[in-house]
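Q: Could you take me through one part of this structure slowly, the sheet in one of its chains and what surrounds that sheet?

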Amino acid sequence: MELTLNVMKRWLVTADEKMQNHKEYLSELDQAIGDGDHGHNMARGFQAAVENVKENTEEDIGSLIKAAAMTLISKVGGASGPLYGTAFLKASDEWKGKDSLSQDEFTKGLEAAVEGIKTRGKAESGGKTMLDVWTPVLEYIQHHDIAASDLSAKAKESMQQTENMKAEKGRASYYGEESISHTDPGAYSSYLLFEALAEALDKEEA
Amino acid sequence: MNKTAVVIVSHSEKIAEGLNDLVSQTKQPDVHVFSAGGTEDGEIGTSADNIQHALQQADNEAGTLVFYDIGSALMNAELALDMLPDLKGKVEIVNAPIVEGAYVAVVEAGMGKSLEDITASVRRQQFVE
């Protein structure tokens, strides 16, 4: 599995499409256990990130992802801005100067991203957050040759499991037991992000 | 000599500016207080860019104390500081009730206390019984 600069660009473009299409639903999920702006924040951030990608001709994956990280930090707002921004920023450090990534190189970036989210959010898996999608997806990628359909299924299944968790972090944690039986909005947007990656890889193979 | 500066990070521009007004009442000469409230569009939220700007404005030899409110405020404050490696060691982000913490800090900064002393003093306060 080789992840080219084109696949990475398509990843961002597809992620943006998904955030736009699920904007209302993400905000609805957030309304239940947060402040109700997650969909709008993610849609605004990814739209700006993709505009930036189209305007700039980044020549390596590190600069492409770093530019996206800086835009997400500036434009997303809410807690997702620093979290997604840090994830992309940490990954971009690992991908500096590369115009194509082997699966091992891609995995290193994802490991750095997950560490970044944990440090920034002072969170661990199991607390009903985006980490409950990022961590199982990372484990899948560490131990299997990436297959687009499996990647997407792993992200989806992990997102669905957040429904029965009790929120330990963020504003949802103020809801305590009440947070159970709601899907975490950050887990849902993370699922969309990895589904977008699966689709970007699928197109490349086709 | 420079006195320790204070940066207030809040989701609300009005809270950040209102708190700035409140602490200014103590009339501490040469204690500079900077507000980083709301998003870039003036909406509810915090902005790493706004916080970076405030940290740069506040930068001085005696250092800067940062007080913050809920949710993303701390994350964005830490992120802003990560992006300003030159300020490492000159900025202390303090976990305290934002109003009481900033108030104590401004009074003590006025007395010319150091960044370390003020941080310790704020942490010693029992704000909640």
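A: **The sheet of chain B**

An open sheet of four strands, in the order β2-β1-β3-β4 (chain B), is paired in the parallel sense; strands here are DSSP runs of E with at least two residues, helices are runs of H or I with at least four residues, both numbered from the N terminus, and two strands pair if DSSP finds at least two bridges between them. At its edges lie β2 (33-37) and β4 (91-93) of chain B, each pairing on one side only. Neighbouring strands of this sheet are turned by 20° against each other on average, direction ignored, where axes are lines fitted to C-alpha atoms, for helices over the stretch in contact, and angles between N-to-C directions run from 0 to 180 degrees.

The model is predicted: local features need pLDDT of at least 70, side-chain atom pairs count only at pLDDT 80 or more, and totals for chains, interfaces and linings use all residues. Residues are numbered from 1 along each chain as its sequence is written, while chains are lettered from A and ligands numbered from 1 in the order in which they are written.

Between strand β3 (residues 64-68) of chain B and β4(B) there are three bridges in the parallel sense, and Leu65(B) has Glu92(B) of β4(B) as its bridge partner. Across β1 (5-10), β2, β3 and β4 of chain B lies helix α2 (residues 48-58) of chain B, which runs at about 175° to β2(B).

Terms used: Two residues are in contact if their C-beta atoms, placed from the backbone, lie within 7 Å.
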